Amino acid sequence: MMPLSEIIYEGGLRTTATHLASGTVIETDAPVDNNGKGERFSPTDLVASALGSCMLTIMGIKARDNQWPIENTKVTITKIMGTDPRRITEIHVTFDFPAGHGLDQKARTILERAAHTCPVANSIHPDIKQVVVFNW
């Protein structure tokens with residue numbers, strides 16, 4: 001097994017994660033409601049955002065294979081935190097597809113089902129509610 005990333009604590013509740021294969025860097029910051037500055041994604045923001053990104057990527061694979069135009073689709077993520085223990089309790093994922101995409105109901109159904117099969121959706125604990133809305 002090869003390492004995926006390397007994470008360095010920079011101090012001030014900030015980390016820098018480097019993707020070892022590409023050198024891409026992501027900085028995180030603790031959120032304001034947890035003693036941080038909230039100037040970067042928090043680790044829990046990344047978990048919630050990973051869900052939307054993964055869903056859209058899996059949809060992109062299906063769209064590419066079927067030559068369906070979903071470019072410029074926007075996903076909005078809302079994360080709800082709970083207490084005792086502090087954790088993510090809900091992730092809301094809202095898809096907004098561009099006007100004029102021309103996808104019929106069959107294509108839409110296939111893409112929606114694909115989204116729900118993404119590895120991140122299947123990896124998130126079942127106690128975390130996933131609310132997904134598709135605005136066609």
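**Exercise 1.** Which residue forms a salt bridge with Asp-65, and how far apart are the closest N and O atoms?

*Solution.* Keep in mind that this is a predicted model. Start at Asp-65 and look for its partner: that's Arg-64, with the closest N and O atoms 3.1 Å apart. The cut-off is 4 Å, so the pair passes.

**Exercise 2.** Find the salt-bridge partner of Asp-29, then say whether the two residues are buried or exposed.

*Solution.* First, the partner: Asp-29 pairs with Arg-14, and their closest N and O atoms sit 3.4 Å apart. Then accessibility: both Asp-29 and Arg-14 are buried.

**Exercise 3.** Work out which parts of the chain the Arg-86 and Asp-33 salt bridge links, and classify both residues by accessibility.

*Solution.* Begin with the contact: the closest N and O atoms of Arg-86 and Asp-33 are 2.9 Å apart. Arg-86 lies in the loop between strand S4 (74-82) and strand S5 (87-96), while Asp-33 lies in the loop between S3 and helix H1 (43-66); 53 residues separate them. Finally, Arg-86 has 37% relative accessibility, so it's partly exposed, whereas Asp-33 has 54% and is therefore exposed.

**Exercise 4.** How many salt bridges does the model have in total?

*Solution.* The count comes to 6. Shared partners join Arg-14, Asp-29 and Glu-39 into one network.

Terms used. Residues are numbered from 1 along each chain as its sequence is written. This is a predicted model: local features need pLDDT of at least 70, side-chain atom pairs count only at pLDDT 80 or more; totals for chains, interfaces and linings use all residues. Side-chain values use heavy atoms; hydrogens and water are left out. A salt bridge is a side-chain nitrogen of Lys or Arg within 4 Å of a carboxyl oxygen of Asp or Glu. Buried means under 20% relative accessible area, exposed over 50%, partly exposed in between (1.4 Å probe, protein chains only). Helices (H or I, at least four residues) and strands (E, at least two) are DSSP runs, numbered from the N terminus.
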